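Morning, everyone. Please have the structure open while I talk.

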Amino acid sequence: MNKYVYSFEEGSADMKDLLGGKGSNLAEMTTIGLNVPPGFTVTTEACLDYLEYDELPEEVNEQMKEYMEKLEDQMDQQFGNEEDPLLVSVRSGAAVSMPGMMDTVLNLGLNEETLKGLVEKTDERFAYDSYRRFINMFGEVVRGIPHREFEKIMDEVKDKRGAEKDVDLDAEGMKEVTEKYKELVGDIPSDPWKQLLEATKAVFGSWDNERAVRYRDLNDLPHDMGTAVNVQAMVYGNTGENSGSGVAFTRDPSTGENEVYGEFLRNAQGEDVVAGIRTPLDISDLKDIWPEIYEELEEVCHILEEEYKDMQDLEFTIEDGELYILQTRTGKRTPNAAVKIAHDMHEEGIISKKVALLRIDGNQIEKILHKRIDPDAELDKLTQGLNASPGAASGRVVFDSDEAERRGDEGESVLLVRPETTPEDIHGLAAAQGVLTSRGGMTSHAAVVARGMGEPCVAGAEEIDIDLECEFFEVDGKKIEKNDVITIDGTTGDVILGEAPLIEPEFTEEFERLLEWADNIRRMGVWTNADTPKDAQKALEFGAEGVGLCRTEHMFFEPGRLEVVHEMIIAEDEEQREKALRELLPMQKKDFKELFRVMDGLPLTIRLLDPPLHEFAPTDKESQKELAKRLDIDFETIKKRVKRLNEANPMLGHRGCRLGITYPGIYRMQVRAILEAALEVKNEGKEVIPNIMIPLAGNVNEVKNVKEKVVEPVHEDIFQDEEELQYKVGTMIEVPRAALTADQIAEEAEFFSFGTNDLTQMGLGFSRDDVGTFVPNYLDEGILEEDPFQVLDQEGVGELVEMGTKRGRKTNEDLSVGICGEHGGEPSSIKFCYRRDLDYVSCSPYRVPVARIAAAQVVIEDEMDVDEGIDGY
């Protein structure tokens, strides 16, 4: 018979897949002696069986009854007893933490009869408060009634009775709320056992609810894990002013500072804190109210960090002065906090350098470079809330999550403004630049999710009065309507009218040290894609070791140059074209000299012109008329020449090396500019390492042609018999045929650089300009796991990369191989490149730190068992 149920005493932290994160951690905390209310866990296997067959296996029912009897013995109470009822909580808990994404029911076991026993044992107000909470959660989780319907009733009763907060309602007020909740929900089983079974099924079913699925999609989590159900004896934070509930982090999840961080509410159950319905007190206030409990909580935090070797996020309840720990999990944190915590835990001797590096999520590193508001700017400050998640963002105000998602996906900068957010808002949070709430605290849903996403959040801005129906908010006499622009600063909590000027961030000392550790471990080079000296300089500041891609066509769009480019592409004969090219030569040379000076001895890989000429042509009537006048050519003639440049499929047309072979003068001008610039900068006393890259070659003869008819004649003209400059000539591998015939191409090329943007486009047959029309659907349908233009398609395009590298090195063992597509800054793609023996990755400047960390992580992962590495301190 399958074992579907485990008591907390039977489990352990390493049973996460079976018991879920919450269940395994409850078991672990029980084992190490923390004050955890007893209970049992129904396994993820039971969930998966239920989801497959749409009913609970009979063994689950039997085993739950067996373990409920054991719980009754532990608590000396009876489940369903009318005089002294045992009440339980029913909570979900997947193997991977998914804050707020699934469901909870508290105070289960209450009915009209057990309510009387609870009244006798406690008091009428507490009993009805507990009962209305049970009806609310049962109605939401099991019956699917929206939370706002319950909030509406609560607000009506508070208004009627002149109560500002829930806690201000007396027993009669709670009775009225309870009765109205019962009318809303309808039939609830009076049999506690039926309540438990229905709640268990509902929690299992919550694994597939829309918000949970969306959360897993957003965080790249598998959909086949299932969730466990934890049934736990209730402890109460709402028995009076000597009780309370809270959430604590063992370190500050926003900054990483080593201090207990969190919030609590007196006379409240835990859901009140997490839901953000009431603005809680700071955890530091606990020190003044209950100093002994605060001291005990600090000790619990210390014990948990020693046990788990990581920052923890825990929920606690204080019942009549006694502290209970209800759960712990690895705490979500901002990218900045992740860096500081990893660094500091190493310095404190808790983890090794390698484990510290493995703790950093490569996909979050870019967000460490958060922009912030210029401290010298004059700002129209509206109000200040809680600085719940750092960084600053500006955008148009929207009040609806669906609208935020739609407009955000269309590329518009929007800020989501809500009284508080719930798990149903996850899609709006993901698409918005940031979130502002009028209620809730530092551990509210909005704060936790925003921190996990690395986006700014200002929470609990209580001066803001939000009207969701009419879509505006008021603060200090000012009315801010939908589509008005505001700025939020999640680092200070400021809310500012209009678009505030933002400035670039700086590396922290801890981040610099982590990057140094990474550099000492990694074996693969990290280069950058940079078209301007400014980009190259920024990349060097971020630790780049070379330029793997400099796109020369971007230089043609500079002011004063495009007109000359127009003359070049409109030219009817070689003489006219050469005249324009002679004008472009000093411009290109100047660009390259500036880049060589910035690189100062590091490789600079310059790609010869790649796009089709029509991209540079004047398309509007006025520009064409101006060109005709400047060249003294008839307008109709200009119009015809521009039209002649158009192609049916330009991405597969007259571009790349095909352009250089047809019009060798263009490439000769560029090669001359590169070599003369390099020589002149070398003569200034600087070291130069030029690499000339031929784009889009799919045939070895294309490379031969460009070398023989472009590079060699220019070289001979500049250097004559004396070779004064070392440089390499290589090619981008962007055409599948190039990867298949890489052994032939490597006989002519000194380096390969995989242009995985075009290689993906041609390998998958997907137009990267049109993937937005179908790839999102492919992701939803599970046809693709990732967008192949963001994450390298390792099974398909990756095979071409591996094949091209191996075949190229068969005929040229000195062949240098790198990657310069967008994938060069994506962590899993970087790790793939290392494992396929590439020499370097090249990425945008702001992804250089990502690549440095990922390139170290893959070495660590390959040299040690990852699980052992994380646990073996």
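**A buried strand and a positive patch**

In strand β9, Ile318 is the bridge partner of Gly244. Keep in mind that this is a predicted model.

Start with that pairing. Gly244 belongs to strand β6, residues 244–249. β6 and β9 pair in the antiparallel sense, over 6 bridges.

Now the next partner. Strand β10 covers residues 322–330. It joins β9 through 8 bridges, and the two run antiparallel. β9 and β10 form a hairpin. There are 2 residues between the strands. Asp320 sits in the turn, with a positive phi of about 50°.

So what about the side chains? In a regular strand they alternate between the two faces of the sheet. In β9, Gln312, Leu314, Phe316 and Ile318 point one way. Asp313, Glu315, Thr317 and Glu319 point the other way. Are these residues buried or exposed? All are buried, on either side. That is 8 of the 8 residues of β9, residues 312–319, so the strand is largely enclosed by the rest of the structure.

Second topic: charge on the surface. Which residues gather in the positive patch? They are Lys621, Lys625, Lys639 and Lys643. Two elements each give two or more residues to it: α23, 621–631, and α24, 635–645.

Take Lys625 as the example. It lies in helix α23. Its relative accessibility is 39%, so Lys625 counts as partly exposed.

That's it from me. Over to you.

Note on methods:
Residues numbered from 1 in each chain as written. Predicted model: local features only at pLDDT ≥ 70, side-chain atom pairs only at ≥ 80, totals over all residues. Heavy atoms only, no water. Buried < 20%, exposed > 50% of the residue type's maximum accessible area, 1.4 Å probe, protein only. Helix = DSSP H or I, 4+ residues; strand = E, 2+ residues; numbered from the N terminus. Pairing = 2+ DSSP bridges. Patch = residues over 30% accessible without salt bridge, like charges linked within 9 Å, V, L, I, M, F, W, Y side chains within 5 Å. Areas by Shrake-Rupley, 256 points an atom, 1.4 Å probe, with all protein chains shown as cover. Salt bridge = Lys/Arg side-chain N within 4 Å of Asp/Glu carboxyl O. Lys, Arg positive; Asp, Glu negative; His and termini not counted. Charge placed at Lys NZ, Arg CZ, Asp CG, Glu CD.
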